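Here is a short briefing to read alongside the structure. Have the viewer open, and pick out the residues as you go.

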Amino acid sequence: MTDRSTFLDHLRETLSGIEAEGLMKRERLITSAQGAHVTVAGRPMLNLCANNYLGLADDPRLIAAAKAAMDGRGYGMASVRFICGTQDLHRQLEERIADYLGMDDAILFAACFDANGGLFEPLLTEQDAIISDSLNHASIIDGVRLCKAKRYRYANNDMSDLEVQLLTAVGDGARFIMIATDGVFSMDGYLANLPAITALAEKYGAITMVDDCHATGFMGPEGRGTPALSGVKVDILTGTLGKALGGALGGYIAGPRPVIDLLRQRARPYLFSNALPPAVVAAALAAFDIVEAADDLRAQLFHNAEYWRSGLESIGFRLLPGMHPIIPVMLGEAPMAQAFARALDARGVMVSAFFYPVVPRGAARIRTQMNAKLTMDDLDMALEAFEAAAKEVRAIR
Ligand SMILES: *Cc1c(COP(=O)(O)O)cnc(C)c1O
């Protein structure tokens, strides 16, 4: 015999288990705009954990574009796109995204989570195969689950395993094969090996899909992302407006015309969810103009990343190697990462601890992220705080 109160008790037990393991996530309440400096519970803090790579989240030009669109086009669309939710602004943004990424066309979603969730199911059937990197974002994993295609998985960035999976899919008689990968693996800041992936795709006639959420706007020439950075072409790109491109919300898929045309007919998160509001769309249009010309911001971002990386290394922290502005500080078990984050919090530095199940057990970390608006003074202050906090909780010897 079960009942409702048993159910709620069961949930409470699950929550106590999460708490007991030191895995409980808690949210800080920010009472300022998002930026390098924020206010949390009345305290000024330095923010080292936003995806605000180019520092555009509080950019006056985006705010002005959003306000003008709200004045001229109203607040909400009160419709999905195909009923009565499409303004000229939506099409302008889709064309702008396609043009920026060198694709035929693009289609907007409420989030990249929805873009990845809606991408696979309309394009592939049980006759087909999807080969997915084992560290792909949760939204790709969910999107693949919703699709009837056969699933294959390769070890993170392991190109010989990818080839094994391609051979298996071919051997299993797959009609079409799609390789799906993040452009940047966000827990580590590692880049996908796109030259090898596109070469293997060529060899086996596979379609390539890259989720470039942690790259578009700042990696590669004019910020066109990881394919541009490594000088290759991929078939389908997905991305977000919620990170470097202003940080509000919205996602997109860019690719060949028939792909986008069919998604507009069949992608369920597109068909059954509201259109983006005009303010967000207009600000995103402004963001693409800013970002395309933002070589100065990109130079500052990567300068900051280098400075921060070498500062942490000289203190003695263990980092993962790389050049991406995601710079993980490795701390072992979850309680250590949380204690370290708290010690930094007390020193006015906001970071986020990541631990199981987001990363493997024993690989808990503070994921620091650079942005173009952090100054050298900010970073020096943060380095001092990291050193003092590490001594306090004995995070390093
Ligand atoms: C952030 C992120 C998403 C989700 O993007 P939203 O627009 O916030 O839904 C999807 N994929 C990757 C790789 C991401 O980093």
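**Where to look first**

Phe272 sits in the loop that joins helix H11 (268-271) to H12. With a relative accessible area of 60%, Phe272 is exposed. Please keep in mind that this is a predicted model. Computed along the chain, Phe272 and Ala299 are 27 residues apart, and their C-alpha atoms are separated by 41 Å.

**Helix H2 and its partner H12**

- Two packed helices are described by the angle between their axes and the distance between the axes.
- For helix H2 (residues 60-73) and helix H12 (residues 278-292), the axes come within 7 Å and cross at roughly 145 degrees.
- This crossing of H2 and H12 is right-handed.
- On the H2 side, the contact is made by Arg61, Leu62, Ala65, Ala66, Ala69, Met70 and Arg73; H12 contributes Pro278, Ala279, Ala282, Ala283, Ala286, Ala287 and Ile290.
- Sorted by class, the contact between H2 and H12 has 12 nonpolar residues, two charged ones and no polar ones.
- The 14 residues of H2 should span 20 Å at 1.5 Å a residue, and this agrees with the 19 Å between its end C-alpha atoms.
- Which residues of H2 are buried? They are Leu62, Ala65, Ala66 and Ala69.
- An α-helix has 3.6 residues a turn, so residues three or four places apart point the same way.
- H12 is included in what covers the buried residues of H2.
- Pro60, Lys67 and Asp71 are exposed, on the face of H2 turned away from its buried side.

**Helix H5**

- Helix H5 (residues 112-123) has 12 residues, which should span 16 Å at 1.5 Å a residue; its end C-alpha atoms are 17 Å apart, which agrees.
- Nine of the 12 residues of H5 are buried, so H5 is largely enclosed by the rest of the structure.
- Among the buried residues of H5 are Cys112, Asn116, Phe120 and Leu123, and the glycines Gly117 and Gly118 are buried as well.

- Ala372 belongs to the loop between strand S15 (364-369) and helix H15 (376-393).
- Is Ala372 buried or exposed? Its relative accessible area is 8%, so Ala372 is buried.
- Leaving aside residues up to four places away in sequence, Ala372 touches Tyr53, Leu54, Leu297, Gln300, Leu301 and Asn304.
- Ala372 and Asp296 are 76 residues apart in sequence, while their C-alpha atoms are 8.9 Å apart in space.
- Thr208 is part of strand S9 (residues 207-211), and at 4% relative accessibility it counts as buried.
- With residues up to four places away in sequence not counted, Thr208 touches Ile179, Ile197, Ala201, Val234, Asp235 and Ile236.

**Backbone details to check**

- A cis peptide bond runs from Tyr356 to Pro357, with omega near 10 degrees; Pro357 is in the loop between strand S14 (353-354) and S15.
- Asn157, a residue other than glycine, has a positive phi near 60 degrees.
- The loop between strand S5 (150-154) and helix H7 (159-171) holds Asn157, which is partly exposed with a relative accessible area of 24%.
- Glu222 is not a glycine either, yet its phi is positive, at about 50 degrees.
- Glu222 lies in the loop between S9 and helix H9 (226-230), and at 31% relative accessibility it counts as partly exposed.

Definitions and conventions: Residues numbered from 1 in each chain as written. Predicted model: local features only at pLDDT ≥ 70, side-chain atom pairs only at ≥ 80, totals over all residues. Heavy atoms only, no water. Axes fitted to C-alpha atoms, helices over the stretch in contact; angles between N-to-C directions. Helix = DSSP H or I, 4+ residues; strand = E, 2+ residues; numbered from the N terminus. Left-handed = near helix turned anticlockwise from the far one by under 90°. Contact = heavy atoms within 4.5 Å. Nonpolar A, V, L, I, M, F, W, Y, C, P; charged D, E, K, R; others polar. Expected span 1.5 Å × (residues − 1). Buried < 20%, exposed > 50% of the residue type's maximum accessible area, 1.4 Å probe, protein only.
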